[in-house]
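Please open the structure in a viewer and keep the selection tool at hand. The stops below are to be visited in order.

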Amino acid sequence: MKEDMVKLISAEGFEFVIDKKAAMVSQTIRNMLTSPGSFAETEHGEVTFPEISTTILEKICQYFYWSLQYASSMVRSWVCSPMIISSSFLEAIEWEGD
Amino acid sequence: MGGACSRKRDQLDNGDNLNGRVSRRFCKSGSSKWLGTSFTRASMDVIQGNRRCPSLMELCIYKIREDINKYSTLSMLPRDLSQQIFDDLVYSQCLTDSILENFRDCALQDLNFGEYPGCNDNWMDVISSQGSSLLSVDLSGSDVTDSGLFHLKHCKNLQALNLNYCDLISDHGLEQISGLSNLTTLCFRRNNVITAQGMSSLSGLVNLVKLDLERCPKIHGGLVHLNGLVKLESLNINCCSCIADADMKHLSGLSNLKSLQIAFSKVTDYGITYLKALHKLALLNMEGCPVTAACLESLSDLGALLYLNLSRCNNLTDDRIDKFSKLRSLKVLNLGFDDVSDAILTHLKDLTNLESLNLDSCRISDEGMVNLADSGLHRLKCLELSDTQVGSSGLCHLSGLANLESLNLSFTAVTDGGLKKLSGLSSLKSLNLDARQITDVGLAALTSLTGLSHLDLFGARITDSGTNYLRCMLRNQLCYLF
């Protein structure tokens with residue numbers, strides 16, 4: 001795993017390799033990756049989300065990059081295709097909302 | 001983790017609409033807002049260049065709002081999500097009868113409709129379907145009727161109920177809520193029809209901590225029903241013009257009372273004697289009451305008294321104002337528009353806890369100001385001298401007030417020359433010099449006041465060259481009015 005990239009793994013085992021900076025938009029991931037404790041994630045730069053489906057995790061990764069662009073550019077609108085309210089979606093919302 | 005675990009409790013209890021949405025229909029009485037102006041106005045927030053990026057949660061909630069017509073129910077969602085969706089629909093004014101149906105049986109905790117147009121009895125069924133989860137509901141300004149309130153019987157755990165400005169509710173409606181014994185907050189402002197009969201329905205609300213009945217003109221004789229509400233800490237009966245001394249008798253046993261507001265009632269010095277034993281009383285608002293300084297005798301043992309409003313008391317004169325000196329715990333005192341003279345300052349100068357003093361339109365002159373020099377008023381932060389006869393020579397006595405943050409000299413006799421005497425008041429944040437005789441010359445003296453964030457020069461004769469001085473004082477948050 002390259003130093004500035006991290007891997008986010010969905011429930012189905014899909015691996016999303018994204019910039020570490022993007023992943024750190026989430027406070028939860030930031031804590032996992034920067035904590036001085038002994039998270040396995042810190043070593044390998046990999047985080048698994050057994051409750052989050054692939055489609056949702058993809059959307060979340062898109063959000064991370066959009067969020068980074070928000071501050072630096074005039075990009076304001078984000079085309080958000082309709083999200084199905086399923087229990088895994090709710091997990092993602094709950095998780096992302098911190 | 002978790003989107004919205006904590007429940008926001010701040011919005012409901014306040015009839016003053018501090019949640020930011022201005023009351024559309026109703027102007028608020030000046031009386032119950034006097035505390036807000038007792039201290040320095042907060043400086044404007046620094047406006048950020050970029051808006052905060054919306055969270056993924058917010059984006060999803062907006063999207064759900066757009067697509068709300070696709071859903072028939074949101075009851076499968078965790079409560080904290082459906083709560084956020086509800087709040088967003090109210091805030092964006094998108095809620096309708098049919099959309100509200102989505103929230104049936106959602107076990108929501110807070111339904112803050114707050115003067116939402118269209119809120120009426122038809123909505124009460126969905127509201128009551130929240131059942132024992134419902135903790136607070138705000139139906140202020142709505143068209144809910146007495147029979148609508150019947151539905152609330154299903155919400156046994158209801159803690160806060162706001163029925164301000166509900167014109168269609170009468171004594172019969174209060175009967176419907178008489179069994180909600182978990183209520184801690186009840187707001188029922190401005191209702192012309194409820195009487196002592198309706199008040200009897202409140203006697204079972206034994207957990208009531210806060211009761212707001214401002215502007216209910218027919219409730220006299222009804223306060224007897226409150227004498228069992230021993231947990232009551234806050235009672236607002238401002239502008240209940242019918243309230244008289246006999247009503248005050250029933251408050252004498254409410255030993256937990258911390259805040260009592262009886263502005264513009266008919267209570268006299270005799271009625272105030274019933275308050276002698278209320279040792280926890282911290283706030284007392286007697287604005288516009290026919291009391292004199294004699295009533296202070298009843299208050300002299302109240303060691304917790306911090307806020308006292310005696311403004312617009314037409315019978316308050318210099319007679320017996322020496323009693324003010326006994327109120328040693330006082331932090332905020334309002335004597336605006338009272339017929340008191342310089343003598344008042346001799347009796348206030350040793351009130352070392354005093355932080356805010358309002359003498360608007362009182363007969364104060366430079367002679368009275370002498371009392372402020374070498375006084376005990378070290379903590380004084382806010383001083384209102386608007387419309388008094390204070391002039392430039394009086395200002396030199398202020399130099400010892402090292403903590404003064406807010407000073408109002410509008411419509412006084414202060415001149416440009418006098419403003420030099422303010423130059424040492426480095427703690428000043430807010431200064432009102434709305435007076436026609438102030439000109440550019442006076443502004444030059446103020447350049448040392450680098451802490452100033454608010455300066456009012458509305459009626460003063462300032463020109464462009466005068467604004468040059470202001471540039472020296474300019475910090476991040478300077479705001480000035482012309």
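The tour passes from a hairpin to a pair of helices and then to cysteines.

This is a predicted model, in which local features need pLDDT of at least 70, side-chain atom pairs count only at pLDDT 80 or more, and totals for chains, interfaces and linings use all residues. Residues are numbered from 1 along each chain as its sequence is written, chains are lettered from A in the order in which they are written, and side-chain values use heavy atoms, without hydrogens and water.

Strands (E, at least two residues) and helices (H or I, at least four) are DSSP runs, numbered from the N terminus, and two strands pair if DSSP finds at least two bridges between them. Met5(A) stands opposite Asp19(A). Among the five residues between the strands, select Gly13(A), which has a positive phi near 95°.

**Helices.** Next select residues 56–66 (helix 1) and 79–91 (helix 2) of chain B, whose axes lie 10 Å apart at an angle of about 65°. Axes are lines fitted to C-alpha atoms, for helices over the stretch in contact, with angles from 0 to 180 degrees between N-to-C directions. In contact (heavy atoms within 4.5 Å), residues including Met57(B) and Ile61(B) of helix 1 meet residues including Leu81(B) and Ile85(B) of helix 2.

Finally, select Cys60(B), which is buried (under 20% relative accessible area, 1.4 Å probe, protein chains only), at 4%. Over all chains there are zero disulfides, a disulfide being a pair of cysteine sulfur atoms within 2.5 Å. Cys240(B) is in no disulfide, and its nearest cysteine sulfur, that of Cys216(B), is 5.4 Å away. Cys240(B) is also buried, at 0% relative accessibility.

Key: Buried means under 20% relative accessible area, exposed over 50%, partly exposed in between (1.4 Å probe, protein chains only).
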